[in-house]
Amino acid sequence: MLKVEGVSFRYAGGEEPVLRQLSIDVPAGGIFGLLGPNGAGKTTLISILAGQLRAEGSVTVDGTPLEELRRREPASLGLVPQEFAFYPMLTCVENLRFFGAVQGLGGARLRERVDSVANFARIVNVMPRRAGELSGGLRRRLNLAIGLLTEPRILLLDEPTVGVDPQSRSFLLDSIRALAGAGKTIIYTSHYMEEIEAICDRVAIIDAGRVLRDGALDELLRDEAAAVPVRHNNRSLEALFMHLTNRSLRD
Amino acid sequence: MRVLLTLWVKEWLALSRDLHGLAVLFLMPAVFIVIMSLALSDVFRDGAGRQTVFAVLAAGGPNVSQALADDLAGEGFTSTAAPDNEAAAREQVRKGRLALVLIVPEKFGADPRAKLTLLADPTLPPMQIAAFLQRLQGATLGVKNAAPPLNLEVVGNPRGGKPSSVQQNVPAWLIFGMFFVVLPISALFIVERRDGTLARLVSQRVPFSMLLLGKVGPFFVINLAQTALMLAAGVTLVPWLGGESLALPSRWDLLAAVAASTSLAAIGWGLLVAVASRTLEQATVIGGVGNILAAALGGIMVPRFVMPESMQPWAALSPMAWALDGFHAVILRQGSLADIALPSAKLLGLAAAFLAAALWLHQRRRT
């Protein structure tokens, strides 16, 4: 289990903390959805879990501090950021080889992993093409493939379907389900409620750096149904989300 | 080491696919070298604006030296305190601290075999030496009613190569071009940060210091290629267009050491600007304006010897001036390791300071 306890973070020069004593428990295996309006702290939390930011509080995996786990098993955690985090001037295969090599893969193992993730993400046909020339859907698939190179057991997916057509989105969601089915723990952020409802087992709704609700998706919808005002009382995640975070614009 | 090599290969691939950006790094200093070498050739040939610093070392003691120095001073010649002995005088001329030293032997004027010796900096235009000799003849008329017997010795350049516009402008604009790697370094870095590639690499436990070092190798090679090509331009292109040819140094190892130190300082500057700037626009302004100010101050755009004396000490604050001192020590004065040690050490120290500042800034932003 990945356990986040009392995590607080404030950006240098920022007036308000982005995360305030935030705590969540992510069970091993399955897909954990992280929901929140813009500025809620989702990406900051992902960045802390990915080791990019240092925060107060503790993050452990099965009792082992995350930092120690990353030191001992650097490949245990994979990140698929919401940006296209690869080099547009390099071809797909060059990008995959580069990101594999900097994580310690080499020789036959690197070739095998590159082939495997290219097959999984269905980008084999575009491997010789420069990444900057790909369509939005193909870029998302390359972004996902890079995150899978080292077969991480925990995968952080930060809005991995933004800006893709329905076909690519459907393919990506199926792929993510398949990864969870293979035993990986996936933390998934998105603004698309129907995506979260479709693939997540558990959900945490956060706003202003705090957890407003968390738990199994079914239980959350059932328990909160009575509390949601009539006009939103359709037992959907979106209704619950809007009720908890209110309707004011955040940007 | 494997990770570093992987980062270098990636950087090369990315750079090699931006040929326009790469071409600017080579064309910009080459164009400056050609234009400035041709435009300023007459100024350098005549020694215009030059204040020639000289000293007199007389066997008769400091009072005799001072009296003769006072007679010789004026019209572009400034006297300074005499070195302790002939060896010190030679050393100072070799290092370019003194342009001329007149050595007056014992019994000069009484013994016809006693000859004056004039030590001359090889960078001094022949017209300046001729003018000094005329003043010397005037000053010694009281001692002897004829032209004084004289040994003229050029110190520091065994081949006797004379300074020219091209000897100032080739190293100067080469240094300027080398420091302009600040723009591609910071641009690549900021795009990596903006696109999340840097964050992804950090999450993959690639140390940030390694990511910075990953930029060093490819840009170091680019800087060395700039050095080779700009020297080649000074030897071939400038004379082909009507200017003077650059006399190449005999110590290529020292030239490489100065070029390497300059390159590391330039790359360090690029890394600091890359980490400190939040946007491409910021990096362009900080890096570009910083380079232009350092060049204006450091004797790149305006040679230091034509600056007013009050301004010359300020020039020593510019890293480009340190680099120019190093290149001049090798190209003009055929200097030794000792001559390039100080400028090279200053450049390497600056490179280390820039790198440390970039790492510190990154750490500060992470927490």
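## Helix packing in chain A

In this predicted model, helix H3 (residues 92-102) of chain A packs against helix H5 (residues 136-147) of chain A at an angle of about 25 degrees, and the two axes lie 9 Å apart. Angles under 35 degrees count as roughly parallel, and H3(A) is therefore roughly parallel to H5(A). The crossing of H3(A) past H5(A) is right-handed.

On the H3(A) side, the contact is formed by A:Cys92, A:Asn95, A:Leu96 and A:Phe99, and these meet A:Leu142, A:Ala145 and A:Ile146 of H5(A). By class, this contact comprises six nonpolar residues, one polar residue and no charged residue.

## The interface between chains A and B

Between the two chains, 23 residues of chain A are in contact with 23 residues of chain B. Helix H3(A), described above for its packing on H5(A), also takes part here: with four residues, H3(A) gives the most to the side of chain A that touches chain B. That side of chain A consists of 15 nonpolar, four polar and four charged residues.

## Domains of chain B

Chain B is divided into two domains, each built from two segments of the chain: domain 1 covers 2-43 and 162-366, while domain 2 covers 51-124 and 126-154. The C-alpha centres of domain 1 and domain 2 of chain B are 40 Å apart.

Where the domains of chain B meet, five residues of domain 1 are in contact with six residues of domain 2. The domain 1 side of this contact in chain B holds two nonpolar and three charged residues, with no polar residue.

## A helix pair in chain B

H7(B) passes H10(B) in a right-handed crossing.

The residues of H7(B) in this contact are B:Val166, B:Val170, B:Leu174, B:Gly177 and B:Met178; those of H10(B) are B:Asn223, B:Gln226, B:Thr227, B:Met230, B:Leu231, B:Gly234 and B:Val238. Seven nonpolar and five polar residues make up the contact of H7(B) with H10(B), and no charged residue is present.

## The five-stranded sheet of chain B

Chain B contains an open sheet of five strands in the order S2-S1-S3-S4-S5, with mixed pairing. Strand S2 (77-79) and strand S5 (150-154) of chain B are the edge strands; each has a single partner strand, so one side of each is left without a neighbour in the sheet. From one strand to the next, the twist averages 25 degrees.

Within the sheet, strand S1 (residues 52-58) of chain B runs parallel to strand S3 (residues 100-104) of chain B, and five bridges join the two. B:Leu57 stands opposite B:Ile103 of S3(B).

## Helices on the sheet

Helix H4 (residues 62-72) of chain B packs on this sheet, where H4 touches S1, S2 and S3 of chain B. The direction of H4 makes about 145 degrees with that of S1(B).

Helix H5 (residues 86-94) of chain B lies across S1, S3 and strand S4 (116-120) of chain B. Its direction relative to S3(B) is about 160 degrees.

Note on methods: Residues numbered from 1 in each chain as written. Chains lettered and ligands numbered in written order. Predicted model: local features only at pLDDT ≥ 70, side-chain atom pairs only at ≥ 80, totals over all residues. Contact = placed C-beta atoms within 7 Å. Nonpolar A, V, L, I, M, F, W, Y, C, P; charged D, E, K, R; others polar. Domains from an automatic or database assignment. Left-handed = near helix turned anticlockwise from the far one by under 90°. Axes fitted to C-alpha atoms, helices over the stretch in contact; angles between N-to-C directions. Parallel < 35°, antiparallel > 145°, perpendicular 65-115°, else oblique. Pairing = 2+ DSSP bridges.
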